[in-house]
Amino acid sequence: MHIRGDHVELVVGGRLDVRSAADARTALHTAVDSGRGDLVLDLTELDSWDATGLGVIMGAHRRAGRMNRRLVLRGVPPQMQRLLVATRLHRILAVEGGIEAESLPRV
């Protein structure tokens, strides 16, 4: 997993899973704490995430809310969009462009 960027936009790539969760959590919390306004999380380079990785994103979402910021997901890959819809988290998380559950391909 790799994360690059600043307190306005972070690009997350590789796998966001139990092995990378601690590093990802630290990077996201630092970005949330050091900025203002929306924090964009660009996921176009993300290969996969597991429940732990999704939990890290939800934790960053809650932390951003406490700091009067908003976490915005950009470039969410289709398979991860399906997971957000299945867990109904697409109703809680801000996703740039939104997610249309009906338009997602079935697997």
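**Contacts and strand pairing**

Student: Which residues does Leu54 touch, not counting residues up to four places away in sequence?

Tutor: Leu54 touches Trp49, Leu83, Leu84 and Leu89, where contact means heavy atoms within 4.5 Å. This is a predicted model, in which local features need pLDDT of at least 70, side-chain atom pairs count only at pLDDT 80 or more, and totals for chains, interfaces and linings use all residues. Residues are numbered from 1 along each chain as its sequence is written, and side-chain values use heavy atoms, with hydrogens and water left out.

Student: Is Leu54 buried or exposed?

Tutor: Leu54 counts as buried because its relative accessibility is 9%; buried means under 20% relative accessible area, exposed over 50%, and partly exposed in between, with a 1.4 Å probe and protein chains only.

Student: Where does Leu54 lie?

Tutor: Leu54 is in helix H2, residues 51-66. Helices (H or I, at least four residues) and strands (E, at least two) are DSSP runs numbered from the N terminus.

Student: Now the strands: how many bridges join S3 to S4?

Tutor: Five bridges join S3 to strand S4 (residues 70-74), and the two run parallel. Strands pair if DSSP finds at least two bridges between them. Val40 stands opposite Val72 in S4.

Student: And what do S3, H2 and S4 make?

Tutor: They form a right-handed β-α-β unit. Right-handed means that, with the strands pointing away from the viewer, the path from the first strand over the helix to the second runs clockwise.
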